[in-house]
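Open the model in your viewer and get ready to click around. We'll hop from one side chain to the next, and at each stop I'll tell you what to select and what is there.

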Amino acid sequence: MAECERNSVTLQAISITDCSVSMKKLATILKPLMPVLAAAYGLGIIYLTALPMADGDESLGSQVLCWIITLGAIALTFFIVKRVEPKVFPEARQFSMKWPIFPVVAGLLLMAPLWSVVQGYLVYGFTSLINTVRLEPIAFTPDEIREDLLASVHAVLLAPVLEELCYRQLAISPFRRRGAQIAVCMVMAVLFGIPHVRNFFGSFLAATLFGLVFIWSRNIWYAVLLHAGSNLTATLFGVYCVFGLGEVQMSKIPVIFMPDAKSTIACVVLAIAGLFLLKRKLPQKSGT
């Protein structure tokens, strides 16, 4: 009886060892492919969430169905990054998914509008070297502003979570070295920009920033909050114009916003307040 128990324990140990070796082999094969795999997964699942509005139907029913599908996609991706990815790539555990404290959340959201303004000027300057950028004042009819506000629910609350999980967390976290993470960040910025054909350069800049923030903070929520704040800024610019508070120039190709002096100054003030909150509340980071 004792001999049988010893044999059973030995077989279990061999099985665990074989499983560990197989997992390492799988990780070795998959790691170099992760940027492409993550981008393909992200593109596919984001395309799936957009199917309810594929024919231009932006009714409330289509919007709600899009939200539901996106929530399902987020849940699936959370499961992958929390349960599956760390088993294949133990290095992924170096990144936290803990929600930041409120002052950090507020600080990141307050800094996002200034980034949107800076991004707009950078894209405008770069594009102007190649082609004339046509700017027009933002103007909405009541129906258009209603549709824009409905769309902003997805753009602010859902899309940033899904896109950052796919294009940053899945792609970058399997790599341990900082240099490799930055290299993957740049690759993912290009892959993120390709689907955004109307605004490749702006999407590339945004993805680069979000990726570097993720690498620095070791927390995907920092990138999500900046992404959400940037999308929210675009909606607020529209509301700002609709209520006659000022004027914001917009280009559709590439998609950029050029705010007036009042809103630009407001963005600077908000960013200073956000930086103050971050400086006081961010944990001290040790060298890596």
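Select Lys31 and Phe175 to start: the charged end of Lys31 sits over the ring of Phe175, 6.0 Å from its centre. A charge counts as over a ring if NZ of Lys or CZ of Arg is within 6 Å of the ring centre and within 35 degrees of the ring normal. Before moving on, know that this is a predicted model, where local features need pLDDT of at least 70 and side-chain atom pairs count only at pLDDT 80 or more, while totals for chains, interfaces and linings use all residues. Residues are numbered from 1 along each chain as its sequence is written, and side-chain values use heavy atoms, with hydrogens and water left out.

Glu91 lies in the loop between helix H3 (60-88) and helix H4 (102-130), and Lys31 in the loop between helix H1 (2-30) and helix H2 (34-50), so the pair ties together parts that are 60 residues apart in sequence. Helices here are DSSP runs (H or I, at least four residues), numbered from the N terminus.

Is Glu91 buried or exposed? Glu91 is buried, at a relative accessible area of 16%, and Lys31 is partly exposed at 21%. The cut-offs are under 20% relative accessible area for buried, over 50% for exposed, and partly exposed in between (1.4 Å probe, protein chains only).

How many salt bridges are there by this rule? The count is three. For another one, select Glu136 and Arg134, whose closest N and O atoms are 3.0 Å apart. Glu136 is partly exposed at 36%, while Arg134 is exposed at 64%.

Now go to helix H5 (residues 142-172), where Glu164 and Arg168 are four residues apart, or about one helical turn. Their side chains form a salt bridge too, 2.8 Å from N to O. Glu164 is buried at 0%, and Arg168 is buried at 1%. If you wonder about that spacing, an α-helix has 3.6 residues a turn, so residues three or four places apart point the same way.

Next, bring in Tyr167. The rings of Tyr167 and Phe192 have centres 5.1 Å apart and planes at 80 degrees, so this pair is edge-to-face. (Rings of Phe, Tyr and Trp, using its six-membered ring, pair if their centres lie within 6.5 Å; planes under 30 degrees apart are stacked, over 60 edge-to-face and the rest tilted.) Tyr167 lies in H5 and Phe192 in helix H6 (residues 178-193), so the pair ties together parts 25 residues apart in sequence. Both Tyr167 and Phe192 are buried.

For a stacked pair, pick Phe200 and Phe204: 6.3 Å centre to centre, with 20 degrees between the planes. They are four residues apart in helix H7 (residues 200-217). Phe200 is partly exposed at 35%, whereas Phe204 is buried at 19%.

The structure holds eight aromatic pairs.

Finish on H3, which bends by about 35 degrees at Val81 (the angle between axes fitted to the seven residues ending there and the seven starting there). Val81 is buried, as are other H3 residues including Trp67 and Glu85.

Key. A salt bridge is a side-chain nitrogen of Lys or Arg within 4 Å of a carboxyl oxygen of Asp or Glu. Helices (H or I, at least four residues) and strands (E, at least two) are DSSP runs, numbered from the N terminus.
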